[in-house]
Amino acid sequence: MDRSRKRRPAKRRKRRAGRMLFFIGSIVFILLFAAGLVFYIKRYAPTDEHMDLSEYYRLDNDDSAVVIIDGEYITVNEENDYGLLLGENAYIALETVKEHLDNGYVFDDAEGILRYATDAEIVSARLDETGFTVGKDTQTLASPIAVKAHERVFLAADFLRQFTDFHYTLYADAPARIVIETAGYERTVGALRGRTGIRRLGGPKSKVLKDAARGEKLTILDTVGKWSNVLSEDGVIGYVKSSRIKDKNEITTEATLPERTYAHNLTGEKIVLGWHQTTNQAANEGISSLLEKTGNINVISPTWFYMNDNSGGIESHSSSAYVQAAHAKGMQVWGLISNFEDSSVDTASVLNRTSARDNLVNNLVGAAIAVGMDGINIDIELLPEDAADGYAAFIRELSLKCKKNDLILSVDVGVPTSWNGYYDRRNLSNYCDYVIVMAYDEHYNGSDEA
């Protein structure tokens with residue numbers, strides 16, 4: 001018997017077993033490779049899943065608009081309906097304007113009047129009206145200046161741009177977006193190397209908010225690792241890979257309005273001022289003898305005026321004879337107005353209500369002119385915070401009227417503290433000729449020396 005023939009079936013079996021093992025191994029390798037590929041795709045490959053902008057920019061009302069200022073998406077406590085779209089007109093919520101653009105706009109909710117002051121004129125508009133005044137000139141806008149919607153006051157962007165320096169672009173497609181750049185805003189801008197998805201977050205698995213085209217300009221807000229936080233030209237904020245951005249350069253938003261110049265009516269010499277407490281007309285009679293003892297004082301401020309009703313009325317103890325006596329001694333007279341003589345007067349009500357504030361301004365300037373005063377001194381103390389806007393408007397409006405009547409305006413204000421910061425000292429320094437700091441730290445009654 002040939003032994004080789006007996007060995008052939010065994011060899012065939014071995015070869016078949018080897019082929020089977022190779023086949024099984026190949027299948028296992030393919031399965032492992034496929035599993036690895038699936039794992040890689042799931043973990044690392046970019047997703048093409050999109051997120052609707054209306055889901056990203058959640059607006060509560062159909063006529064609301066997203067507001068983006070200098071690359072910042074304006075939201076407060078998860079509320080973001082700070083823009084309004086009326087027809088083709090963009091509106092911005094008053095609180096957003098005051099916090100991010102210009103704090104000078106003051107709205108009187110009781111009388112429906114908006115006020116603003118430039119360095120030379122008072123601007124005034126009424127709720128839902130298209131006309132407004134700048135000084136004595138009347139101008140008209142195509143849409144209402146101020147409107148109320150969704151429990152907020154909104155101001156027309158086209159109106160605001162006449163007095164506050166910024167550029168804006170409105171993208172009316174839902175969700176509507178108002179993209180604002182303030183004068184002087186510095187930013188880095190680059191162009192996309194190719195078609196790229198702007199993602200909600202940095203990472204390939206984050207949903208795509210927008211498919212941006214090659215060459216589209218993006219403002220780079222921040223860089224986090226390999227990703228850049230960007231703002232697209234049409235108001236989409238998201239992330240792209242930093243390597244996808246080229247041709248970076250720095251851009252500054254140019255100013256379009258003339259720079260303001262706040263003129264001040266100064267005496268040209270150092271002020272040495274003394275207050276003279278006068279509570280009635282009789283207190284004025286001894287001024288001549290009193291002035292003999294004043295030394296080098298060159299300004300005297302009698303406490304002649306105080307608020308005596310909630311409509312802007314004032315109690316006055318002013319005297320032309322007093323002014324003449326002071327002038328004869330080479331002194332100026334700055335009559336003082338206070339808010340603490342009559343406890344029945346609500347200072348916030350007077351300052352916040354436009355008609356009362358106008359009356360107060362007119363009464364003070366009229367009294368000053370009537371007796372020949374040189375200036376007015378404001379001593380409004382313990383101002384409630386809810387009167388901060390009204391107080392600022394009062395100072396601006398009184399200041400401009402004083403300048404037109406050649407009157408000096410001075411204001412008394414305490415040392416800055418946490419409880420009086422809303423006196424807005426920048427506003428005071430712009431509009432008042434002199435700011436007097438009431439430090440109360442020089443001396444006390446009965447001290448040996450001042």
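1. Val 411 stands opposite Val 435 in strand 28. Strand 27 and strand 28 (residues 434–438) run parallel and are joined by 5 bridges. Two strands are said to pair if DSSP finds at least two bridges between them. Helices (H or I, at least four residues) and strands (E, at least two) are DSSP runs numbered from the N terminus. To get from strand 27 to strand 28, the chain passes through helix 10 (residues 425–431), and this β-α-β crossover is right-handed. Right-handed is used in this sense: with the strands pointing away from the viewer, the path from the first strand over the helix to the second runs clockwise.

2. A word on the model before going further: it is predicted, with local features needing pLDDT of at least 70 and side-chain atom pairs counting only at pLDDT 80 or more, while totals for chains, interfaces and linings use all residues. Residues are numbered from 1 along each chain as its sequence is written, and side-chain values use heavy atoms, with hydrogens and water left out.

3. Strand 27 also has a partner in strand 26 (residues 375–379): 4 bridges join the two, which run parallel. Here Asn 377 has Ser 410 of strand 27 as its bridge partner. Strand 27 (residues 408–414) is mostly covered, with 6 of its 7 residues buried. Buried means under 20% relative accessible area, exposed means over 50%, and partly exposed lies in between (1.4 Å probe, protein chains only).

4. Which of its residues are buried? They are Tyr 322, Val 323, Ala 325 and Ala 326. These residues cover an arc of only 160° around the axis, so they sit on the same side of helix 6; the arc is that of the directions from the helix axis to the C-beta atoms. On the other side of helix 6, Gln 324 and Ala 328 are exposed.

5. What do the buried residues of helix 6 pack against? Their partners are strand 21 (273–276), helix 5 (287–291), strand 22 (299–302), strand 25 (332–338) and helix 8 (354–371). At the start of helix 6, a side-chain oxygen of Ser 319 comes to within 3.3 Å of the backbone nitrogen of Ala 321. Just after helix 6, Gly 330 has a positive phi of about 80°.

6. The side chains of His 276 and Tyr 322 are joined by a polar contact of 2.7 Å. A polar contact is a pair of N or O atoms within 3.5 Å; within protein, one must be able to donate a hydrogen and the other to accept it, and residues adjacent in sequence count only if both atoms are side-chain atoms. Leaving aside neighbours within four places in sequence, the residues in contact with His 276 include Ala 283, Ile 287, Leu 290 and Ser 301, where contact means heavy atoms within 4.5 Å.

7. Ser 301 is found in strand 22. Its relative accessibility is 0%, so Ser 301 counts as buried. The side chain of Ser 301 reaches the backbone oxygen of Trp 334 at 2.7 Å. Not counting residues up to four places away in sequence, Ser 301 touches His 276, Gly 335 and Asn 377, among others.

8. Elsewhere, 5 strands form an open sheet in the order 5-6-7-8-9, with antiparallel pairing. The edge strands, each pairing on one side only, are strand 5 (106–108) and strand 9 (137–140). Within this sheet, strand 7 (residues 122–126) and strand 8 (residues 131–134) run antiparallel and are joined by 3 bridges. Ser 124 has Thr 133 in strand 8 as its bridge partner.

9. Asp 158 and Tyr 168 are 10 residues apart in sequence and 9.1 Å apart in space, C-alpha to C-alpha. Their side chains are joined by a polar contact of 2.7 Å.

10. For the chain overall, the secondary structure comes to 10 helices and 28 strands. Buried residues make up 44% of the 450 residues. Among contacts between residues at least 6 apart in sequence, 64% join residues at least 24 apart.
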